[in-house]
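Dear colleague,

Please find below the structure for your review.

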Amino acid sequence: MCGIIAALSYNDNISNNLISALERLEYRGYDSAGIAYLDNNSSLQRIRTVGKVQLLKETVERQQIKSHIGIGHTRWATHGTVTEFNAHPHTADGVAIVHNGIIENYQELKKGLVNEGYVFESETDTEVIAKLIASHIKSGKTFFEAFKQSVNELVGTFAITAIYEKEPHILLGAKKGSPMAVGISPDKQSGYIASDAVALSTLANELAYLEEGDIVVVKKEDQILYEIFESNGQKIRREIVPNKVSLNDVSKNGYESFMLKEIFEEATVARKTYERFNYNIDISKFNNISIIACGTSYYAGIVAKYWIEAIAKIHVDVEIASEFRYRNPVLTKNSLYIFISQSGETIDTLCAMRLVKEAGIKTLALVNVDTSSIAREADFTIKTEAGVEIGVASTKAFVAQMLSLLMLCCRNIDIEAIERSINAILNGDHDIAKLANKIKDCRSLFYIGRGVNYPIALEGALKIKELSYISAEGYPAGEIKHGPIAIIDENIYTMALAPYDKYFDKTISNAREILARNGKILLITTNDAKNFLHGIDKNENVECVFLPENNPLYLPFSLTTFIHLLAYYTAKAKGHDVDKPRNLAKSVTVE
Ligand code: F6R
């Protein structure tokens with residue numbers, strides 16, 4: 001949430017690099033964007049716009065800026081509405097800062113600063129940081145000392161970068177709870193601090209990731225270099241790792257959106273995950289498995305519960321991280337705790353994992369970004385092989401997570417069958433756009449399924465609501481009659497996930513209960529069910545989609561690709577930005 005970038009260079013066209021990094025960081029938030037920079041007279045300037053980075057880009061381009069040092073921000077609003085006043089960077093007496101995270105004691109700090117005579121222009125928690133640094137500079141401290149002291153006074157989570165007009169040759173950054181990386185350009189002419197490797201993909205080939213409490217100074221000497229200090233003030237070297245994010249990863253490659261590109265990668269991702277899976281974790285040693293995650297990653301955990309309990313006969317709990325971490329869970333040493341996260345930065349999942357580690361229990365993370373906080377802090381990590389996922393709605397990462405989890409309990413997998421069935425959806429002649437047109441104006445929708453199809457129904461409903469803003473609920477098909485059926489009328493569509501598996505007849509009965517109340521059904525089934533439909537396909541309120549038949553174990557993969565495409569086309573039919581749905585951001589680094 002919120003993307004930050006800072007750059008210091010011998011060149012004076014730093015604004016281009018700030019903007020290109022912000023474009024790549026936009027998946028972290030797009031409520032507003034802004035940059036601050038020092039002009040050729042070393043005077044602090046600021047440009048902020050409400051809305052997406054494109055607007056900032058156009059404004060910046062019109063101004064033909066010459067600057068060698070600056071910071072930039074793309075915002076996902078936490079404190080304060082989406083206005084220019086609340087947009088970052090925030091400034092005070094020649095200091096400018098950008099921030100990702102939440103400052104919990106900002107009211108208290110603000111009181112003190114107001115008493116000193118500072119006037120606040122925004123409703124944000126962030127503005128106190130700029131004023132605090134300025135106040136310490138006023139009391140005689142250097143920029144670095146003032147920054148360090150301010151950081152020590154902050155309670156909460158943050159990644160902050162700052163510049164100061166009277167010290168135009170240094171950039172400062174601090175990390176606690178929110179991710180931060182630092183890198184130098186290959187020609188040593190520019191140095192950068194950013195939220196992630198994606199921001200720096202075309203700017204720095206090698207990166208160092210800051211650890212909790214670190215402060216980084218990027219400075220201009222004979223060349224651009226950086227120094228990192230631990231919270232105790234000691235200089236420290238953090239491991240330098242290659243920046244593996246390529247231009248290809250951050251381009252749409254001819255697709256009209258990242259989401260569509262990423263759905264079209266689902267078969268390849270399944271193949272890569274299968275081929276690169278070389279982890280020897282013997283889950284049979286454990287009496288119990290607890291899976292903890294958020295959102296789509298949580299649903300992958302529920303899919304795994306069905307598989308692991310059926311195949312490995314081990315009891316599995318699946319929990320939402322934000323609930324797990326605050327409910328005083330009973331932790332047991334002979335349990336395996338698995339934390340799933342695409343980004344590896346989701347704060348609730350990270351903190352839930354820390355809770356388990358603090359109890360002296362080993363943790364296993366299933367993470368897509370191997371340089372992320374969760375990957376670095378877990379005792380053991382399985383890397384999912386989805387590649388960089390930029391569309392805000394997670395798609396291909398879900399496929400990689402499911403396959404990795406399946407491989408934890410079953411190594412004898414027919415990957416060709418999985419690939420083939422996903423490709424049959426991607427390249428098949430199902431007119432998914434036409435189906436999307438039918439559901440796009442619904443007041444609300446249900447997705448229903450039984451067994452392993454239930455978490456896929458949850459995923460289908462989540463994707464519909466986050467992209468199309470239609471109220472959608474995923475339900476176990478057998479549960480509908482315990483209340484939700486009251487909502488059913490002729491305006492409600494229900495997507496029934498009913499492949500020809502052991503739950504088929506029961507789900508069809510549940511679909512008939514909905515039809516009896518004039519509800520409409522989109523029956524998503526498989527070719528081998530055709531002889532067992534007993535006329536339901538002839539009902540005027542039923543639309544059938546036949547997916548390729550497969551081993552029931554692999555059906556969640558093709559169903560997933562189908563529901564992802566259906567969500568994509570529904571959002572498109574409504575004219576929405578599928579990569580940047582409203583109010584959302586990828587990488588949820590605030591609680
Ligand atoms: C939904 C979606 C979110 C994420 C959730 C967890 O399409 O993308 O629900 O799945 O925010 O994120 P990670 O997996 O990065 O921890």
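This is a predicted model: local features need pLDDT of at least 70, side-chain atom pairs count only at pLDDT 80 or more; totals for chains, interfaces and linings use all residues.

The ligand site

The shell around the ligand comprises 15 residues, and those that come nearest are Ser-297, Ser-341, Ser-343, Thr-346 and Glu-466. Sorted by class, this shell holds eight polar, five nonpolar and two charged residues. At least two shell residues come from each of helix 8 (295-311) and helix 15 (453-468). Because domain 2 (252-413) and domain 3 (425-577) both contribute residues to the shell, the ligand lies between them.

A polar side-chain atom of Glu-466 is 2.4 Å from an oxygen atom of the ligand. On the backbone side, a polar atom of Ser-394 lies 3.0 Å from a ligand oxygen, and a polar backbone atom of Val-392 lies 3.5 Å from a ligand oxygen. The ligand taken alone exposes 410 Å², of which the protein buries 88%.

Helix 17

Helix 17 spans residues 555-573, 19 residues in total. The distance from its first C-alpha to its last is 27 Å, close to the 27 Å expected at 1.5 Å a residue. Is this helix mostly covered or mostly exposed? Helix 17 is mostly covered, with 16 of its 19 residues buried. After helix 17 comes Gly-575, which has a positive phi near 80 degrees.

Yours sincerely

Definitions and conventions
Residues are numbered from 1 along each chain as its sequence is written. Side-chain values use heavy atoms; hydrogens and water are left out. A residue is near a molecule or strand if one of its heavy atoms lies within 4 Å of it. A polar contact is a pair of N or O atoms within 3.5 Å; within protein, one must be able to donate a hydrogen and the other to accept it, and residues adjacent in sequence count only if both atoms are side-chain atoms. Accessible areas come from the Shrake-Rupley method with a 1.4 Å probe; for residues, only the protein chains shown count as cover. Helices (H or I, at least four residues) and strands (E, at least two) are DSSP runs, numbered from the N terminus. Ala, Val, Leu, Ile, Met, Phe, Trp, Tyr, Cys and Pro count as nonpolar, Asp, Glu, Lys and Arg as charged, and the others, Gly among them, as polar. Domain bounds come from an automatic or database domain assignment. The expected span of a helix is 1.5 Å times one less than its number of residues. Buried means under 20% relative accessible area, exposed over 50%, partly exposed in between (1.4 Å probe, protein chains only).
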